[in-house]
Amino acid sequence: MRSLRDLELRRRRVFLRADLNVPLDQGRISDGTRIEATLPSLRFVLERGGRLVVASHLGRPEGERRPELSLTPVAEALSGALHLPVELAPDCVGETTERLVNALGPGQVLVLENLRFHPEEEENEAGFALKLARLGDVYVNDAFGAAHRAHASTVGMVRHFRDRAAGFLLEREVTVLSDLLGAPAAPFVAVLGGAKVSDKLGVLQSLLGRVQALCIGGAMAYTFLRAQGKPVGRSRVELDRVSLARETLREAEERGVRVALPTDHLAAERPQADAPSRVVAADAFPENLLGVDIGPATAHAFRHEIEPAGTVFWNGPMGIAEWESFAGGTKAVAQALTEAQGLTVVGGGDSAAAVRDLGFRDDQFGHISTGGGASLEYLEGKTLPGLAVLEEGA
Ligand code: ADP
Ligand code: MG
């Protein structure tokens, strides 16, 4: 894969596919992490005298023009961050947009309106891809979070460019994640949690062949505990995954992978933020309660695996971390990562959000992936179409 660093940019129109899919709260950006993360690539293009065209999707407009999903607040935020006027084109393709792009001078920037206002973006429709391709002389992909999707802006348009490259953010994501697959410093410990086993089976399978220890928390732990015949009360269990969970545990044993499952839980009467809750031992899970977080003994055991590890990959909150009352286990694991000796990588949208909500800073971790689904697919060993097409051109 070529790097943005290696492209001739001066006076050229640089089409940069970014991931500026920021969370919005009543029209305001509630978390600007994705904007921050893209700035190094944008600044580089501008400093090198490129004519910068930035494209992104925002939310799920499902192929319709939805004013509340306009990139207007993103263009404003970029203007503030870059200390430059940043114009927003009324659409991502078309005559007016082409005129605005062609009027750009070196060191100037234009943001295109939401790519997903057109259904052809997600359909990867050839004519639409060609229209996008008319807006640049060189193509840069910095949207790792969209690299697992074969869309017009991530795949279709790319073949029209001889000069195509990875932006700095995408490059860093690939470097860190490929190190996890390639030669992770031992012991390699994976901490998995979150809502569903079914979402994570692929990555679990892939990691099983690489890690020395696996810590499992979150709702997915209950399916594993059920597989071991343990009581889990009314906790969330995926009944159709119990036998797969049992098989996974057997395979882990065969491979000599240590598996740490919760030995205690925070259990609540209802899945509600203010529901009464108490710590219960895993062997004595009351029938009328449900697990909402790992307990303190489990957090301690996980910390014991994490701190001396050479490499830690963490995906999935340990409990319903959106609610402070059930965020203790997630906070303890995050804290352990910040104190770990080795490389620490956090992947997953909710995990990254939880870490930030709990008051940790990004620089306390080795890497926080900006790509939720993309980082998991990468670690599953799947080929990400957005990366493959960049490699084709190298
Ligand atoms: P990520 O986006 O980081 O991959 P997931 O989407 O897999 O993470 O999981 C996040 C969700 O899992 C959160 O909404 C959280 O509330 C939920 N969750 C974690 N533990 C539990 C639990 N014990 N019961 C119910 N939901 C849980
Ligand atoms: Mg999620």
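Trainee: Where does Pro-187 lie?
Mentor: In this predicted model, Pro-187 lies in the loop between α7 (168-182) and β9 (188-192).

Trainee: And what kind of peptide bond joins Ala-186 and Pro-187?
Mentor: The bond is cis, with omega at about -10°. In general, most peptide bonds are trans.

Trainee: What about Gln-26, is its phi positive or negative?
Mentor: Positive: phi of Gln-26 is near 50°, and the residue is not a glycine. Most residues other than glycine have a negative phi. Gln-26 belongs to the loop between β2 (24-25) and β3 (28-29).

Trainee: Turning to the ligand, how many residues surround ligand 1?
Mentor: There are 18 residues around ligand 1, and the closest are Lys-200, Asn-315, Glu-322, Asp-350 and Ser-351.

Trainee: How do those divide by class around ligand 1?
Mentor: The shell has six nonpolar, nine polar and three charged residues.

Trainee: Which backbone atoms lie 3.1 Å from ligand 1?
Mentor: A backbone N or O atom of Ala-195 is 3.1 Å from an oxygen atom of the ligand. For Gly-291, a backbone N or O atom lies 3.1 Å from a nitrogen atom of ligand 1.

Trainee: And which side chain has an N or O atom 3.1 Å from an oxygen atom of ligand 1?
Mentor: That is the side chain of Asn-315.

Trainee: How much of ligand 1 does the protein bury?
Mentor: Taken alone, ligand 1 exposes 580 Å², and the protein buries 85% of that. The space the ligand takes is the largest pocket.

Trainee: Which elements give two or more residues to that shell?
Mentor: They are β14 (290-294) and α13 (349-357). The largest share, three residues, comes from α13.

Trainee: New topic: how many salt bridges does the structure hold?
Mentor: The structure holds 19 salt bridges. One of them joins the side chains of Glu-392 and Arg-159, at 3.0 Å from N to O.

Trainee: Why does the pair of Glu-392 and Arg-159 tie together parts that are apart in sequence?
Mentor: Glu-392 lies in helix α15 (residues 385-392), whereas Arg-159 is in the loop between α6 (152-156) and β8 (164-166), so the pair ties together parts that are 233 residues apart in sequence. As a general point, side chains of opposite charge can pair when their charged atoms come close.

Conventions. Residues numbered from 1 in each chain as written. Chains lettered and ligands numbered in written order. Predicted model: local features only at pLDDT ≥ 70, side-chain atom pairs only at ≥ 80, totals over all residues. Heavy atoms only, no water. Near = heavy atom within 4 Å. Polar contact = N/O pair within 3.5 Å; in protein donor to acceptor, adjacent residues only side chain to side chain. Areas by Shrake-Rupley, 256 points an atom, 1.4 Å probe, with all protein chains shown as cover. 1 Å grid on protein atoms, 1.4 Å probe; cavity = no way out; pocket = protein on both sides within 12 Å on 5 of 7 lines; lining within 4 Å. Sits in = over half its atoms within 2 Å of the grid points. Helix = DSSP H or I, 4+ residues; strand = E, 2+ residues; numbered from the N terminus. Nonpolar A, V, L, I, M, F, W, Y, C, P; charged D, E, K, R; others polar. Salt bridge = Lys/Arg side-chain N within 4 Å of Asp/Glu carboxyl O.
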